[in-house]
Amino acid sequence: MKFGIIKERKNPPDRRVVFSPEALLTLQIAYPQASFKVESSDIRIFTDAQYSNLGIEVSEDMSDCDVLFGVKEVPVEALIPNKKYFFFSHTIKKQSYNRKLLLAILEKNIDLYDHETIVDTNFKRLIGFGRYAGIVGAYNAFRAFGIKFELFSIPKAAMLTGKDALIEKLRRQILPPIKIVLSGHGKVANGAKEILDGMKVKEVSIAHYLTKNYSEPVYTQIDVLDYNKRKDGQPSSKNDFYTNPAAYISDFERFTKISDIFIAGHFYANGAPVILTREMLLANDNKIKVVADVSCDVNGPIACTLRASTIADPLFGYLPSEHKEVDIFHPAAIVVMSVDNLPCELPKDASEGFGKMFMEHVIPAFFNGDKDGILERAKMTENGQLTQRFQYLQDYIDNK
C-alpha cells in the first residue's frame, strides 16, 4: 500500500501537514510493507529537502498512491479519481459552500474519510487541531488585552516558533489583577489552559472566582452546567442538558460582571442557549473587555462574534449599543478575536501533534484489518455513494 502526503492548495495558504519528515521515517520503519511519498510543496512548514534527506520520495505526481492525506479541502480539479482521501472536507454539517466538492468526490468514485469523522466506539473524535487552536487563542486574548489598553505589544503567534515561545513572551509582560474565565473542558479549552498555566496565572475555584478579590491575575475554568441553568429551576445534569437544551437558559451573566477576559473554548451544539448575549454585554455592570472566541461560531452562542477574523487582521471592536463592528480603540468597544484557523499560526507544533494522533489511531487500522472499526466509521463515501452513517447528507447532495 502506498500512502501520499498531498500539497495544500487552498487559499489563504496553509503550511500544516499531516506527517512531519520524522513521523514518516518512523512509519517507514514500523510498516516496511508500506511506502510513503510526499507531493512537492513550496509552502509546507517542512521543506521538500527535509523529507528527501531522510530518504522519503518527493514528487509532483501522486497518481500511484492508494491513500492520500491532506489537511484542508482539496480543490475539485485536483482530486484524483478512485483514491482514498483524508482531509477536512467541511461537508458534514451540510456547508453549502462545499456541496460541489462532495458531489465531485462521489462522481470521481473517491472514498472520503473526513478528519472530523475519525471517532472511537463512543463516537468521540480522535483527530484534530483543537489543542493548538486553544493555545493560540489564549495567547491572542492576552495580546488583544495588551493592545487595547496599550500595556504591551507582543508579536503575532505566527512570528514565534511554538508554544514554549508563546509562553515565554507572555511571562515577560506585567498584567494587572484581572480575572479570566475559560469555558469548556475539551481539547480546545485545555489547550488554552496550557497557556494560562504556563504563564503561572493562578487557577481558582468558581466559588472563589465569583466572590473574592485578588491582587494578581486569576482564572477559572467552567463547564456547561456552570454557565447554563434550567428555566424551571429544577435540578440539572449534563445528560439532561444535552437531551433537552431548550429547557435551559444561560447563567453566564454572573461571570460577565467580574471577568475582564473571556476565552471561549466550549463545544456548542445546535439548540443550546446563547451563552453571552448582547443584553449581558450592554449591561452597566458588564466588565468583559476582551472576548477570544476560539470556537468561533458566527451568529452563534457569543453575541459579539459578528464574523470570523483572520490571522492577518485578528481583532475587531464590538459596540454592544449598536451591535456592530467598530475600531478596537473606541471607548465603548469590546475587543473580539474570532480567528477560525488558529492552528495555522503554529504549523510546526500543530503538524507534529496531528501526526502523532494519526500514527496512534489511524495508520494501524490499515494493517490490523481495522479491528477497532476506525476506518469503517470514518468512511463517508464508497463506490460513488454515501455510506450508511452519512445517509443524512443525501438531501444536501440532492440540493433539497
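**Sheets and helix packing in the predicted model**

An open sheet is formed by 6 strands in the order 3-2-1-4-5-6, with parallel pairing; two strands are taken to pair if DSSP finds at least two bridges between them. Strands (E, at least two residues) and helices (H or I, at least four) are DSSP runs, numbered from the N terminus. The structure is a predicted model, in which local features need pLDDT of at least 70 and side-chain atom pairs count only at pLDDT 80 or more, while totals for chains, interfaces and linings use all residues. Residues are numbered from 1 along each chain as its sequence is written, and side-chain values use heavy atoms, with hydrogens and water left out.

The edges of this sheet are strand 3 (57-59) and strand 6 (111-114); each has a single partner strand, so one side of each is left without a neighbour in the sheet. On average, neighbouring strands of the sheet are turned by 25° against each other, direction ignored. Axes here are lines fitted to C-alpha atoms, for helices over the stretch in contact, and angles run from 0 to 180 degrees between N-to-C directions. Strand 3 pairs with strand 2 (residues 35-39) in the parallel sense over 3 bridges, and Val58 in strand 3 is the bridge partner of Val38. Strand 3 also contains Ser59, which counts as buried at 18% relative accessibility. Buried denotes under 20% relative accessible area, exposed over 50%, and partly exposed the range in between (1.4 Å probe, protein chains only). When residues up to four places away in sequence are not counted, Ser59 touches Lys37, Val38, Glu39 and Ser40, contact being defined as heavy atoms within 4.5 Å.

A further open sheet has 8 strands in the order 8-9-7-12-13-16-14-15, with mixed pairing. Strand 8 (202-203) and strand 15 (324-326) lie at its edges; each has a single partner strand, so one side of each lacks a neighbour in the sheet. Strand 8 pairs with strand 9 (residues 218-222) in the parallel sense over 2 bridges, and Glu203 stands opposite Tyr219 in strand 9.

The axes of helix 4 and helix 6 (residues 187-198) come within 6 Å and cross at roughly 45°. The two helices are therefore oblique to each other, given that angles under 35 degrees count as roughly parallel, over 145 as roughly antiparallel, 65 to 115 as roughly perpendicular and the rest as oblique. Their crossing is right-handed; this term applies if the near helix is turned clockwise from the far one by less than a right angle, and left-handed applies if anticlockwise. Helix 4 contributes Gly130, Arg131, Gly134, Ile135, Ala138, Tyr139 and Phe142 to the contact, and helix 6 contributes Lys187, Val188, Gly191, Ala192, Glu194, Ile195 and Leu196. These residues divide into 8 nonpolar, 3 polar and 3 charged, where Ala, Val, Leu, Ile, Met, Phe, Trp, Tyr, Cys and Pro count as nonpolar, Asp, Glu, Lys and Arg as charged, and the others, Gly among them, as polar.

Helix 4 packs with helix 5 at an angle of about 20°, the axes being 11 Å apart, which makes helix 4 roughly parallel to helix 5. The crossing of helix 4 past helix 5 is left-handed. Arg131, Ile135, Tyr139 and Phe142 of helix 4 meet Lys163, Leu166, Lys169 and Leu170 of helix 5, a contact with 5 nonpolar, no polar and 3 charged residues. The buried residues of helix 5 (residues 163-171) are Lys163, Ala165, Leu166, Ile167 and Leu170; these pack against helix 4, helix 6 and helix 11 (347-361).
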